[in-house]
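Subject: Structure for your review

Hello,

Please find the structure below, followed by notes on what was found in it.

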Amino acid sequence: MSNTTSTWDYAPAPESAPCAIADEYGLFINGEFRPAADGRTLESIEPGTGEVLTRFALASPADIDAAVEAARAAQPAWAALPARERGKYLFRIARRLQERAREFAILETRDGGKPIKEARDVDIPEAAKHFFYYAGWADKLDYAFPGRSAAPVGVCGQIIPWNFPLLMAAWKLAPALACGNTVVLKPAETTPLTALRLAEVLQEVGLPPGVVNIVTGAGETGAALAAHPQVHKLAFTGSTEVGKKLAAMAAGTGKRLTLELGGKSPHIICEDASLDQAVEGIVQGIYFNQGHVCCAGSRLLVQESVQDEVLQKLAARMQQLRVGDPLDKNTDVGAINSAEQLATIQRYLKIGVEEGAELHVSGADLALPTGGYYQKPAYFSGVQPAHRVAREEIFGPVLAVMSFRTPEEAVQRANDTPYGLAAGIWTDKGSKMFALASKLRAGVIWCNTYNRFDATSPFGGFQQSGFGREGGRHGLKAYLQLQAWETTSD
Amino acid sequence: MTERLPILKTYKLYLGGAFPRTESGRTTVVEDAQGQARAHLCRASRKDFRNAVVAARKAQPAWAGRSAYNRGQILYRMAEMLEGKASEFVDALAASVPGGSTRARREVDASVDRLVAFAGWSDKYQQILGCQNPVEGPFHNFSIPEATGVLAVVAPQEEPLLGLISLLAPALCSGNTVVALGSESHPLATAIFGEVCATSDVPAGVVNLLTGQRAELLEQFASHRDVDGISAAGCSPDEKRVLELGAAGNLKRVQVLALNQEQDWYNAQQRESPDTIEAFVEIKTIWHPSAS
């Protein structure tokens, strides 16, 4: 093959829309930005470079109190607004997010490390869509649950993770607000910036003060919010370990709880699948967002008869993945979110090798940026179901490959997990697909596709992947008190 | 002529489709209001509970796999058998619960009707709780409810039959299997209800009924790792906390109804709402491309 076709290089194509970042960010309480009561701050690191991007307030218990009090004070008037008017605020938020989408995409990529094309094409548009979708529910709640009247729950404490910062804020805020609740939102320690920029949007659209309050900080900030006696409902997206702690904390308090937790989602490739498309699905399933996806297809189950062919195609496809500068529009796999997460991933790579699995890392000669946190996409072959890399959530671009002989065995292996968030199935035979889909214990099943999301589509787990649904009509339920209509019988 | 000595029945547990004695060998005497011995009853142990969970787990996939129509017919058959044994239930309840046979008759009638209501729900709630979702892009996307799995049921102390059936029926109609602890204060109705289940084509292990003490069993109900959900009613704040705390260990779905007053159990609008089914189903969303 001649050099002209084999070594064409991509020119750098950095996204360059303007996106100012201040030196320091405050808490957003009662419609205004303010420093933490005790003046403490944390650094936000840019994962693509490893440099400090900005500083933000570390909320103290007094700040949590103030935020919850602001939400409590604002709630009756917010709930009493004509529902159409409440919805119109959400429509306005959606519109402003669309208008400022490029700015938000850059901020998301710089703060979190995800490829700009994903922030631009998935995170920001889906966040806007989520507000638009739930905006329209605000004045239709009496139709959502026939036979039952709907009232808001009150003050919601919402704790979100760092993998889809703005999108998770939208998933949490939009249904809560549409239903007449007020919110104290706690963004993740490593990715607070898009939530705080969303607070600017909330000011722009004139959202009444106190309806949304944003408290930044670390784990103890979330714990203080979760434990606050005036918080009526707690929504958490994050690890199963923390989810269990929150469930134990909420026991006996009367607090309502929804949890979107971890996963080790099986991705099943049957021998009759369209293998080239399946390989695209595998890549989308585990390398999307550096594998920082709770529903990542991190356990590949390939039918034995096609395993060699699938792995050859996968290895070839992985060589084409561009790993590097998150701001480059050609980048497929960006930066790992933090030094801590990179260390976790590398620990699992070591564990997998020690357990006897064979590690394959793409792009041995690929040059990575010098600063920042990067991990080349990897997979393990020769994995046994009992291996830790087959059972534990790694939350990185690392795939565990196993095989199966019959669809029954695939189901048995797929369900052999305490999790139950998502699953993928690739086959060209419809009856087999639906037979598998009905037997897999998971809340989202992707057939001949993977990692698709939509505001109208309920998302959430079975078993220890949590409970409650986000998206669609089902996503309203956690934010409403439903009462059977009083009837006068006889 | 001497008065005939009645035969006092010993009621056993209903477990895996059979009527074993408690493995612990413990029994208690059930007395009527006059303090006369009426029957003997097993006092279930934690080991009995664990055995029941094994039976419920084994039965669950096949129960969920039956057609919705078939589950509905079996619930209806339970209503038929309960109706047929109505006078036995009225006697048992009237002897134990204040209010006499008039009250007891009302409770039994309402219990039969509740089973009929959920016999009807079994092939309809899917269309109420499920939906097709208008996602962006060339995908067919729909959401369907599936059974949560194995449930531990803690029946209320009062309205011992109606309360038990009000928790069992919604769980069963959607394909869950259950291990239930009946009312501790008025346990006889639970024990007799096992005989209804055993003669209603309910597959072995789908319903398992224990009589015993909350103080002994609740913590085990809450913490058992192979139980997927807890449906309880009429609990004290302490009991509620025990259930929720234990449930956190494997993230069981928990619903503890704050119902205590009689009229709530008779409120069909509330107790036969699809809400009661939704508490113990999991919504599964399936995506499929619709373009070639």
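β7(B) and strand β8 (residues 207-210) of chain B pair in the parallel sense over four bridges; two strands count as paired if DSSP finds at least two bridges between them. Helices (H or I, at least four residues) and strands (E, at least two) are DSSP runs, numbered from the N terminus.

On conventions: this is a predicted model, in which local features need pLDDT of at least 70 and side-chain atom pairs count only at pLDDT 80 or more, while totals for chains, interfaces and linings use all residues. Residues are numbered from 1 along each chain as its sequence is written, and chains are lettered from A and ligands numbered from 1 in the order in which they are written.

**Around β7(B)**

Within the pairing to β8(B), B:Leu181 has B:Leu210 as its bridge partner. Strand β6 (residues 150-154) of chain B is also parallel to β7(B), joined to it by five bridges, and there B:Val153 is opposite B:Ala180.

Two right-handed β-α-β units include β7(B). One is made of β6(B), helix α6 (residues 160-173) of chain B and β7(B); the other is made of β7(B), helix α7 (residues 188-198) of chain B and β8(B). Right-handed means that, with the strands pointing away from the viewer, the path from the first strand over the helix to the second runs clockwise.

Strand β7 spans residues 177-181 of chain B, and five of its five residues are buried (20 or more other C-beta atoms within 10 Å of the residue's own; 12 or fewer is exposed, in between is partly exposed, and C-beta atoms are placed from the backbone). In a regular strand the side chains alternate between the two faces of the sheet. Here B:Thr177, B:Val179 and B:Leu181 lie on one side, B:Val178 and B:Ala180 on the other, and both faces are covered.

**Chain B as a whole**

Chain B has 12 helices and 11 strands. Its radius of gyration, 20 Å, is close to the 19 Å that the globule rule gives for 292 residues, so chain B is as compact as a globular protein of that length. The radius is taken over C-alpha atoms, and the rule is 2.2 Å times the number of residues to the power 0.38. The C-alpha trace spans about 90 × 35 × 35 Å along its principal axes. Of the 292 residues, 54% count as buried.

**Where chain B touches chain A**

In chain B, 30 residues are in contact with 35 residues of chain A (C-beta atoms, placed from the backbone, within 7 Å). β11 (281-289) of chain B is one of the elements that supply at least two residues of this side, and β11(B) gives the largest share, eight residues. β11(B) also pairs in the parallel sense with strand β18 (residues 444-447) of chain A, over three bridges, where A:Trp446 has B:Trp287 as its bridge partner.

**Nonpolar cores**

A nonpolar core is a set of buried Ala, Val, Leu, Ile, Met, Phe, Trp, Tyr and Cys residues joined through C-beta atoms within 7 Å. The largest has 186 residues, and A:Leu90, B:Leu115, B:Val153 and B:Leu168 have the most contacts inside it. Helix α7 (residues 165-178) of chain A supplies the largest share of this core, 11 residues. Apart from this core lies another, of 70 residues, including A:Ile268 and A:Val398.

Regards

Terms used: Two residues are in contact if their C-beta atoms, placed from the backbone, lie within 7 Å.
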